[in-house]
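Reader: I'd like to learn how to read a protein model feature by feature. Could you walk me through one?

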Amino acid sequence: MPPEKHIFRAGDADPSGSLRRQGGKTVFRAGGGKGDRPVKKAAAPGKSDAPSQAAAPDQTPPAPSRPVKLRRGPGPGEQSARAPQPRQAARSPGAAPRPAARPAKRKAARRGPLLPLCILTGLLALLLVCFAGWALDLPGRLAALTGPAASSSAQAGQEWPAMVGDRMVSEKPAKVVSLSPMVTEALLSLPGHEALCAVTEYCDARSTSLPTVGTPLLPRTEEIIALAPDYVLCQTPLAGPVQTALEQAGVEVIQLDTPADLAGLRQFYGQLGALLGGNETGRALGYGVIDRLESSLARYDAALPEKATALLLPDLSGLAATADTAEWTLLGQVFRHPLPDAADWLAGAGCLTDEDGENDLDEIRAADPDVLLVADTVSPEELADALGDLRAVQNGAVVWLDLRLTETLSPRLVFAIADAAALAYPEFAAAS
């Protein structure tokens with residue numbers, strides 16, 4: 001049997017008391033309860049009048065060797081000795097002990113659910129705080145998603161999928177076909193251009209080793225399908241039958257918008273960079289190509305106190321690029337147009353009808369620019385015969401260039417612009 005416990009209720013006024021059996025324990029009750037106090041015997045003559053205590057018949061004297069355990073406070077369901085004690089009715093020694101602390105247990109049971117409720121309330125408060133922080137940071141997260149370095153479907157550090165044009169590209173393509181000279185020029189300027197497997201008949205000379213599959217408006221559909229490319233890239237919408245045949249063969253078509261300025265050109269290169277190299281790495285490489293081009297042109301723009309005039313001649317028919325053309329998006333950073341009010345390519349009065357061939361170049365002669373940029377399909381002798389009276393021709397301020405560089409807004413055009421700037425601004429060229 002387990003050893004009996006001796007319990008002393010702290011706070012009783014008198015350390016004397018009685019022992020009784022209660023609930024399987026031997027309880028030492030200090031001073032006893034009302035109605036349980038022993039009757040004092042009259043003191044015999046000559047003896048001490050110290051109080052004596054008679055044990056009840058059902059009590060066992062405590063073992064002298066066992067220490068009395070001191071409880072420092074009331075246990076569950078017990079009342080403090082300092083609180084007013086309820087009056088107890090006297091009961092006979094043989095009566096069954098009255099159940100104690102039952103009402104206290106019911107009270108504890110009622111208080112039991114308070115702890116989970118407090119925990120749940122704390123968790124809800126924490127969720128509200130987190131949601132408030134998430135909502136306050138919403139503008140910053142939207143700006144990060146819509147910025148140039150990230151797409152709306154990509155997360156930080158994620159290369160694929162990547163948004164290119166109106167298509168979501170799930171992985172790096174193995175083969176692509178370009179039906180646009182501008183697309184071909186951009187792809188050849190980026191890492192991963194080995195995926196380019198076919199081009200048009202109008203594309204850059206650097207791609208002559210690749211097979212051609214017709215023109216942007218008249219592609220040869222069967223030859224494209226035979227190459228089994230992942231994507232066909234274009235800027236001009238394809239004819240309905242061509243589009244349908246490619247889609248039925250499992251070839252996706254991506255149409256890209258033609259850029260109208262340097263900002264649009266940057267986005268154009270960024271999308272093609274993402275196609276070849278991933279949403280973040282490839283897109284950043286594409287942006288970098290145009291950023292370097294714009295930085296080079298901006299140095300001229302900032303250093304020139306007054307810009308020289310220039311004209312771009314694609315041929316000797318009387319045409320000349322005007323200030324509102326895509327070509328002047330780049331040329332206008334370094335030169336000013338001699339006829340700023342002219343619009344939609346300068347043309348002589350009869351250059352389109354050949355009624356008056358001698359007057360086709362009159363407007364160009366009247367403009368008399370400081371510098372001429374002429375297509376390399378025109379020979380120096382032809383230029384001298386047609387426009388030998390221009391100051392630029394007489395001073396040797398002529399730069400011959402591949403006209404496809406201007407048509408595609410190629411970053412390589414910066415070299416031709418630098419050559420023209422060296423002719424127009426010799427002091428600046430020497431200083432730089």
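Reader: In which loop is Asp-368 found?

Author: Asp-368 is found in the loop between helix H9 (362-367) and strand S12 (371-375). Helices (H or I, at least four residues) and strands (E, at least two) are DSSP runs, numbered from the N terminus. A word on the model: it is predicted, so local features need pLDDT of at least 70 and side-chain atom pairs count only at pLDDT 80 or more, while totals for chains, interfaces and linings use all residues. Residues are numbered from 1 along each chain as its sequence is written, and side-chain values use heavy atoms, with hydrogens and water left out.

Reader: What is phi of Asp-368 near?

Author: Most residues other than glycine have a negative phi, and most peptide bonds are trans. Phi of Asp-368 is near 45°, a positive value in a residue other than glycine. Ala-228, not a glycine either, has a positive phi of about 50°, and Ala-228 lies in the loop between H5 and strand S9 (231-234).

Reader: Which peptide bond is cis?

Author: The bond from Trp-160 to Pro-161 is cis, with omega near 5°. You can find Pro-161 in the loop between helix H3 (138-146) and strand S5 (162-164).

Reader: Where does H7 bend?

Author: The bend at a residue is the angle between axes fitted to the seven residues ending there and the seven starting there. H7 bends by about 135° at Asn-279. Helix H7 (residues 262-303) has 42 residues, yet its end C-alpha atoms are only 20 Å apart, short of the 62 Å that a straight helix would reach at 1.5 Å a residue. That expected span is 1.5 Å times one less than the number of residues.

Reader: How many salt bridges are there?

Author: Side chains of opposite charge can pair when their charged atoms come close. With a salt bridge taken as a side-chain nitrogen of Lys or Arg within 4 Å of a carboxyl oxygen of Asp or Glu, the count comes to 12. One of them joins the side chains of Asp-204 and Arg-412 (2.7 Å, N to O). Asp-204 lies in the loop between strand S8 (196-198) and helix H5 (221-227), and Arg-412 in the loop between helix H12 (403-407) and helix H13 (413-424), so the pair ties together parts that are 208 residues apart in sequence.
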